[in-house]
Protein chains: 2
Amino acid sequence: MKKYVVGILGATGLVGREIINTLQARNFPVEKLIPLASARSAGTVQTFGDQSVTVQQANAESFKGIDILFASAGGSISRDLVPDAVKAGCVVIDNTSAFRMQDNVPLVVPEVNAHALKNHQGLIANPNCSTAQLVVALKPLHDAFTIKRLVVSTYQAVSGAGNKAVEELYMQTEQALSGQQAQPQVLPLPIAFNVIPFIGSFLENGYTDEEMKMTHEVRKIMEAEIPTCATCIRVPVANGHSESVNIEFAQPVTAEQAREVLAGAPGLVLRDDPQLRYFPYPQEISGTDPVYVGRIRRDVSHPCGLNIWVVADNLRKGAALNAIQIAESLVAQNLI
Amino acid sequence: MKKYVVGILGATGLVGREIINTLQARNFPVEKLIPLASARSAGTVQTFGDQSVTVQQANAESFKGIDILFASAGGSISRDLVPDAVKAGCVVIDNTSAFRMQDNVPLVVPEVNAHALKNHQGLIANPNCSTAQLVVALKPLHDAFTIKRLVVSTYQAVSGAGNKAVEELYMQTEQALSGQQAQPQVLPLPIAFNVIPFIGSFLENGYTDEEMKMTHEVRKIMEAEIPTCATCIRVPVANGHSESVNIEFAQPVTAEQAREVLAGAPGLVLRDDPQLRYFPYPQEISGTDPVYVGRIRRDVSHPCGLNIWVVADNLRKGAALNAIQIAESLVAQNLI
């Protein structure tokens, strides 16, 4: 079996470390691992299997000899360095929003649109965390019943904002419990025992970029004109994004019909038992791979409406796992 | 000015105590305060202004001589005792769901339907917390533009489940920070650093009673056939409910038009500044009276859609404050 030289840009971040763990856990055929990061993190030693690897400073010259580069160091670093990596011959799987909406860049969730990897030009985009888990749940429903519109409200974990945000959640919570005032440093508002009513930067239309990512990325990945309206909210959860999703179909769909379609769908676990009050929640599913769906019920306000509740580990399916599944799909399809 | 003998059924609960504080803060004309509670809490001494009052055990004989009874001891106690109180001549303002949907019981949010108090028969219902704040924001929009449908996802604070739930939030959070496993006692699942994907008991249709309360109560208070679909979620916030609300109108409505209508509406504060990233959030508004609205923006998925974000102190506008505003409205309208 062919083995690959794998680079990780942003190797010391939450997602970078999760990518390294996941490569190992899934036995991805790694010949050599090359962790790259900013000057600040260069020199750090990381473990990969029984190897110790030293993090190198990333620059335009870092990419020679790398077969697959996972980029998760943020949009501006990707904009700076990913074109150099592509020129150097890497196949880049970029976890940032920098290139996602470019026509010549496939945006891929393998359960949904692995075929889009064909004719890639060296650069593949990994979707935003909240979109990745959503489309895994939507795809089987859309294939069966045709989705006409989505209204999504998210309950997003702090790990989506990185290492330092998770530290801030815990530190602020300790401060709050001891009666101290918390001063936000990483997140824009206090997060301990609070919800923050926006994620990202504001656009002209009053939405945040996080919200419009969902609107645009759903369309591109699903390859369907599905109008999507998102409200993205940060909650004091360390890891695991939840989504309250209202779907309008082209036809009436019962909860039972939806469950039949979702049961056994790829990448998905149905956890929907009102009698046992058993539904997915972030604390339980954090650290696992699947996308979980529950609270399936007909919309009492619309004849063709249905509600679902979608939860997944945003560092896994929302980031690292999906990126590696893209690489696996490239290998399986002989596209690398 | 006439003064009233005021009874509080459930005087030692979170809402009961908030009612006592609010009566005093708003200078409600109280001649005498009679706190009532279960045998377990009887004998507790409470402060009302410069008076000390002893909590008495509530029973069918407790209500003679009481002019206004605020009932907030839970649905089953209200079902048991409120009929006795009405027979004894009290005007009862009931904070539970026991009688809300009865035709002869007005369900009132004074900013919205104070007129419904006319012809009351001694029993007035206070709506569920998440409905009360919602209709304050919806009423001016409905009057101006006609609402056709609502899709609501809530981010509900733990105080809505009472004293012991708030204690559980703090205790579990301390346990989680020190690496201990939290065992839920009051809430149905762990709440520390988690979201709980349901509130209340499950009905045949897959919704919880908490969710269907919103569906039914919105119609009754607004006196309009507005189909409403709710998803009610508990978040690790001590106090202050937030709601992500998607509204479909009979016509296109711009964010600017909505802001004009909402600015200065009774009981409402507009806090909607994307440039300063200033929107309402529970930590900041807990302990205040108004309903706050922000994140107003056109729905990118529907030509007549609009999103708003509604936050209020669920113990105040969601419970105690609204109950006392009902009493004030009864006095002002000479209905008591």
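Keep one cut-off in mind for a later stop: a residue is buried if 20 or more other C-beta atoms lie within 10 Å of its own, exposed if 12 or fewer, and partly exposed in between. Also bear in mind that you're looking at a predicted model.

Start with the interface. Select the residues of chain B that are in contact with chain A: there are 53 of them, and they meet 53 residues of chain A. Now colour chain B by element. At least two residues of this side come from each of β9 (147–155), α5 (163–177), β10 (228–231), β11 (241–249), α8 (282–285), β13 (291–298) and β14 (305–312) of chain B. Which of them gives the largest share? That's β9(B), with five residues. Switch to colouring by residue type, and the side of chain B that touches chain A splits into 30 nonpolar, 17 polar and six charged residues.

Next, go to the loop between α5 and α6 (209–222) of chain B and pick Phe193(B). Check its backbone: phi of Phe193(B) is near 50°, a positive value in a residue that isn't glycine. Most residues other than glycine have a negative phi. Phe193(B) counts as buried because it has 25 C-beta neighbours inside 10 Å.

Last stop: Arg277(B), in the loop between β12 (268–270) and α8 of chain B. Here, too, phi is positive in a non-glycine residue, with Arg277(B) near 50°. Is Arg277(B) buried, exposed or partly exposed? Count the other C-beta atoms within 10 Å and you get 14, so Arg277(B) is partly exposed.

Note on methods
Residues numbered from 1 in each chain as written. Chains lettered and ligands numbered in written order. Predicted model: local features only at pLDDT ≥ 70, side-chain atom pairs only at ≥ 80, totals over all residues. Contact = placed C-beta atoms within 7 Å. Helix = DSSP H or I, 4+ residues; strand = E, 2+ residues; numbered from the N terminus. Nonpolar A, V, L, I, M, F, W, Y, C, P; charged D, E, K, R; others polar.
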